[in-house]
Every structure is written in structure tokens, then in C-alpha cells.
Amino acid sequence: MQLESMYQEIILDHYRNPHHKGLREPYDAEVHHVNPTCGDEVTLRVHLEGANGEARVADVSYDAMGCSISQASASVMSDLIIGKTVKDAMTVGDEFLALMQSRGAASPEEGSLNEDVLEDAVAFAGVSKYPARIKCALLAWMAWKDATARALNP
Amino acid sequence: MSTAEVSPGIGASAERPFSALLDTERLRRDFPILSRTVRGGRPLVYLDSGATSQKPRQVLDAEREFYERHNAAVHRGAHLLAEEATDAYEGARAIIARFIGGVPGEVVFTKNATEAINLVAYAMSNAATSGPEAARFAVGPGDEVLVTEMEHHANLVPWQQLCARTGATLRWFGITDEGRLDLSEIDTLLNERTKIVALTHQSNVLGTVPPVAEVVRRAREVGALVLLDAAQSVPHQPVDVEELGVDFIAFSGHKMLGPSGIGVLWGRRELLAAMPPFITGGSMIEVVRMEGSTFMPPPQRFEAGVPMAAQAVGLGRACDYLSEIGMDRVHAHEEALTAYALERLGEIEGVQIIGPATTEARGGTVSFVVEDIHPHDVGQVLDELGVAVRVGHHCAWPIVRRFGIPATTRASFYVYNDLADVDALADGVRQAQKFFGTA
């Protein structure tokens with residue numbers, strides 16, 4: 001079955017035991033995003049430290065309801081970006097977006113994935129083959145970008 | 001058409017009405033798409049007819065023949081093709097009217113059921129500025145519009161918007177834990193202030209068929225109009241508008257073996273005749289001057305622009321196809337499949353049916369949740385096995401919210417489904433449990 005290519009062990013692990021889940025204080029911005037086609041929802045907070053140019057992601061906390069892909073994606077994302085500068089975290093986000101839009105073209109085997117940047121998020125490569133699930137994987141990332149923009153420009 | 005022989009090997013038992021099953025082996029030959037394969041070369045098990053049905057060759061041929069032999073803009077031109085196209089279009093209207101027990105002048109073609117419902121909602125807000133004849137449709141502050149919590153967004157959002165435009169108040173019937181319409185407060189909810197009741201004839205999520213007669217009886221007492229969203233009933237059970245006693249019904253062609261891009265609003269003649277138009281333009285006018293225009297009588301008043309003639313012809317053929325089978329037999333077939341599905345799914349530990357547990361006052365739509373597996377993930381495993389189902393909130397978000405769940409997995413049946421399709425569904429659910437390690 002092709003299923004294993006989508007549901008990598010990393011994804012199932014994060015789904016069963018999500019990291020950084022739960023809404024925490026302090027935070028600079030909170031957003032609520034939904035996937036209107038399936039009803040998945042995420043409430044996400046960001047806490048930044050440092051001035052605009054040097055801002056660093058001090059914390060990302062979230063409460064989410066949805067499928068394994070959207071839940072695991074939020075968990076992997078928070079692992080990846082907490083502690084990074086906003087600039088570096090945005091680079092990861094852009095790389096992840098490119099991966100999701102690759103329609104399955106990028107794969108670890110072909111070496112076309114930027115694994116140094118994506119780290120555990122490369123596990124989502126299989127998801128990009130299923131257009132209906134891409135929005136699930138992107139839900140938390142889009143919420144984080146939105147929240148960060150609001151935190152930087154209150 | 002003979003009924004299918006059911007081999008005793010596939011779960012037949014004396015108490016289930018399997019003798020009601022149609023000869024699906026023969027019917028399926030009419031549906032080219034059902035012989036294609038899907039992921040991994042697996043045969044297609046199509047259990048998403050509630051979203052859209054597949055189309056038999058007869059419907060596709062009827063559309064093709066219209067384009068190849070008679071195509072012209074209907075109700076325009078004096079040439080032979082225009083005449084033939086108009087005859088085909090109006091002939092289709094007559095077939096469809098007969099199919100639902102109405103008369104052709106009461107059948108308005110729309111894009112789909114959604115547009116049909118919007119037509120009525122917009123006619124009601126346009127009524128305020130359309131003269132004394134339309135005054136009975138006008139709504140404003142103090143008036144009420146009554147819907148139900150089990151509506152598809154198509155029969156909810158247009159009424160929310162009507163209320164937002166006019167200042168009227170939206171009220172709704174709730175849903176019981178069993179997935180039935182809660183009519184316990186009907187006498188207060190449906191009162192002298194109620195201008196229209198808009199309710200589903202069969203829930204697209206729960207399968208529930210609400211007691212329409214009781215709602216109609218009360219609506220008549222207080223003088224409210226009744227609109228029935230029949231998108232999930234006209235394709236699946238015999239529907240007779242006179243017997244129902246409602247004022248409007250709306251349905252879509254694509255859910256009943258017909259083409260997409262065509263739907264129907266049926267309305268009582270005297271009501272349609274007094275209603276102001278929704279979409280305006282060519283075809284629907286009587287006299288046009290720079291200072292203003294007058295409009296055609298119904299149904300033309302509500303059919304602005306060159307209409308979807310080929311789709312009307314296709315829908316007419318779909319009605320004939322269903323009539324050849326017999327709507328009683330379509331209903332009985334789906335009832336047998338639903339009984340079997342409720343049983344097969346019900347015996348799986350961790351599966352909960354969302355909706356009535358029996359086939360009593362219920363159609364062939366079965367929603368369920370699988371413990372600890374999100375519906376999207378259930379759907380993904382089923383898809384991998386070639387089983388096409390719908391997952392999500394099914395354009396009826398308030399229902400899943402009512403049951404405190406994020407979404408459901410939904411299987412919906414039609415004439416071409418058989419017991420083996422139900423088996424594939426149940427087996428797939430068990431495979432999902434195995435894959436995600438929950439059973």
C-alpha cells in the first residue's frame with residue numbers, strides 16, 4: 001500500500017504524542033484558522049523575543065482539532081521553529097510550502113529535498129501526492145505565519 | 001428488470017429484505033465509470049452518491065444527441081433547430097414535472113438546488129420593492145424564518161442572509177440524540193410570525209427523513225410557506241409534490257443520475273405567479289423600454305439568459321431511467337443496503353453511527369465515526385482500497401457540532417451499489433483500525 005508513504009512513522013508518532021500542544025502565556029498574538037472544506041481548526045499563539053530584525057521565536061503554543069496530518073504537522077512545526085530567529089523560521093516555512101506544492105515530485109531518495117532545513121518535516125513529502133491533504137499539512141504553518149505577522153505589526 | 005439473485009454467502013439472512021435488491025450487475029453496465037480502476041489498479045467502489053451520482057450511458061447519449069442533432073438557443077429564433085431545441089427543452093420540463101407529480105408550468109430550471117433555494121430567498125427580499133402582488137412574500141423586522149439544525153448549508157446560509165438583509169429573525173428546530181428532528185417545541189417555533197419554514201426532506205449527513213406532514217400541518221395553521229430541500233429525496237424515493245402539500249421543493253440533477261449544471265425549483269403556480277424575479281436579463285422579459293421592463297409569467301420569469309438545454313434533456317432522460325426502474329424499487333434497494341450497512345458497521349467495535357440506528361424514516365446515507373481515528377484518515381485508508389466515501393462536515397457544519405465531533409465519514413448508496421460494496425466499506429474500516437493500531 002501507498003499509505004505508508006503518507007503516514008510515515010514520524011507523523012504517526014507526533015500525532016499520538018504531540019509536542020508543545022496546549023495554549024500558553026505569555027504570547028504576542030493569537031490566531032484561529034480553519035480548513036473550511038473539512039472543519040479542521042487550530043488556535044495558535046506566538047511569543048517573540050527581541051527587536052524586529054532580530055526577533056526570535058520564543059514559543060509557539062496551540063490547540064488543534066483535526067486529522068493526523070494536521071495534528072502532526074503542528075507538532076513538527078513547533079519543534080522546528082521554537083528557538084529559531086523569525087527569519088530562519090520563515091525559511092523553513094517557505095521550504096515546507098514548496099515541498100507541499102511539489103505534487104510528490106520531491107523525495108528523499110532523489111535528494112531533491114532540503115533536509116538540512118526541513119529536518120523531521122521531510123516526512124510530509126508523501127502528503128504532497130494527495131492534493132486533498134495538503135491543506136491539512138499547511139494549516140498550522142499558515143496560522144503561524146499569520147500570528148507572527150500580527151505580532152511583528154501589532 | 002429482474003431482481004438480483006443474492007448468493008447466501010454474502011451475509012443474507014431471512015429477516016433482511018434482500019429480495020428488494022435490484023439487478024445491479026445489469027444496471028452497472030450502464031455506468032461506464034464504474035468499470036474503471038482506481039489507486040493500485042483496484043476496482044472502484046463508489047459510495048459517494050450523496051455528493052454526486054454517476055451517470056448512465058443513456059443520459060450521456062441524450063445530451064450528446066441534443067448537441068449533435070438539435071443544438072440551438074431555446075425560445076429564440078425561427079429556424080428548425082431552434083424549434084427542435086425548444087421542444088426538447090420543454091419536453092424535458094414535462095418529464096421532470098411528471099416525475100414529481102407536478103405540472104410543467106410549476107417547474108423552474110436553475111443551476112442546482114442551491115440556486116433554487118436562493119431564488120426563493122431573493123424573491124422574498126425583492127418583494128419589499130415589487131408592488132402589492134408580491135407583498136405576501138415580504139419579510140422584515142418581527143417576521144421569522146424557520147429552519148432546522150440538520151440543514152445542508154444550501155438551505156441554511158441563504159436564509160441567514162435573507163434575515164441579515166431584511167431584519168427578520170432566524171429560528172431553528174434542534175436535533176435529538178438519535179438524529180431525529182426535535183419537534184417538541186413546534187407550536188412555539190412555528191407561529192404567526194413565521195413567514196417560511198425551510199427544511200430538508202432527507203438529511204445529507206444523518207439520513208433522517210423528518211416528519212414533513214406534521215410541519216406542513218402546523219405551517220398551514222399559521223399561514224407560513226413551506227420549502228423542502230429535496231436534493232437528497234427526489235433521487236432516492238418516490239416524491240409527489242401534491243401529496244407532500246408543500247409550497248416549494250428544490251433539487252439538483254447531478255445527484256439523480258443527471259448532468260451537473262441543472263437543478264429544479266418546483267413551486268405552486270399561484271405563488272410563482274406572484275413572486276418577483278431573482279436573476280434578470282434576456283428570456284425572462286415581456287416588454288423592455290429604456291425606462292423599465294415587464295416580466296414573463298413563470299417559469300420563464302425565473303429563467304434569465306440562454307438556458308442549459310442539453311442538461312435539461314439529460315435530466316429528463318435520468319428521470320425516465322429512474323422511472324423505468326421504479327422509484328419504489330430504488331427506495332427498497334437502498335433500504336436493504338442501508339440495513340446491511342448499519343449491521344456491518346454496527347458490529348465493528350469502536351464504530352459509532354451518527355444518525356438513526358434503524359432504516360425507519362431514513363435514507364441511504366450512513367455517517368459514522370471510528371474511535372481514535374479522524375474521519376480524514378479513515379477516508380484515506382478507504383481511498384487506498386478503492387472505496388470512495390465523503391469525509392468532513394458535508395456542508396452541514398452545525399450537525400457535526402451538535403454531536404460534538406469534528407467530522408464524519410459518510411457512505412451513501414444508489415441504484416448501482418450492492419452488498420459487496422458494503423462489505424468493502426466494512427472491511428476497509430477494519431483495515432483503518434489495523435493501520436492506525438486502534439483495534
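**Group meeting: a two-chain predicted model**

Let me start in chain B with H75(B), which sits in the loop between α2 (57–70) and α3, where helices (H or I, at least four residues) and strands (E, at least two) are DSSP runs numbered from the N terminus. Phi of H75(B) is near 60°, a positive value in a residue other than glycine, and at 41% relative accessibility H75(B) counts as partly exposed; buried means under 20% relative accessible area, exposed over 50%, and partly exposed in between, with a 1.4 Å probe and protein chains only.

Residues are numbered from 1 along each chain as its sequence is written, chains are lettered from A and ligands numbered from 1 in the order in which they are written, and side-chain values use heavy atoms, with hydrogens and water left out.

Now to the two chains together, where 18 residues from chain B and 23 residues from chain A take part in the contact, contact meaning heavy atoms within 4.5 Å. Chain B and chain A bury about 1,700 Å² between them, 59% of it on carbon and sulfur atoms; buried area is the accessible area (1.4 Å probe) that two parts lose on being put together, summed over both. On the chain B side, Q380(B), E384(B) and F435(B) lose the most area to chain A, together 33% of what that side buries.

Which residue of chain B does the side chain of R133(A) meet in a polar contact? The partner is the side chain of Q380(B), at 2.5 Å, a polar contact being a pair of N or O atoms within 3.5 Å, where within protein one must be able to donate a hydrogen and the other to accept it, and residues adjacent in sequence count only if both atoms are side-chain atoms. R133(A) is buried, with a relative accessible area of 2%, and, leaving aside neighbours within four places in sequence, its contacts include H376(B) and D377(B) as well as S68(A) and I69(A).

R133(A) is found in helix α6 of chain A, and among the residues that α6(A) brings to its meeting with α3(A) are R133(A), W141(A) and W144(A).

Finally, H14(A) lies in helix α2 (residues 9–16) of chain A and is buried, at 6% relative accessible area. The side chain of H14(A) makes a polar contact with the side chain of S75(A), at 2.7 Å, and, apart from neighbours within four places in sequence, H14(A) is also in contact with residues including H19(A), D79(A) and D120(A).

Note on methods. Predicted model: local features only at pLDDT ≥ 70, side-chain atom pairs only at ≥ 80, totals over all residues.
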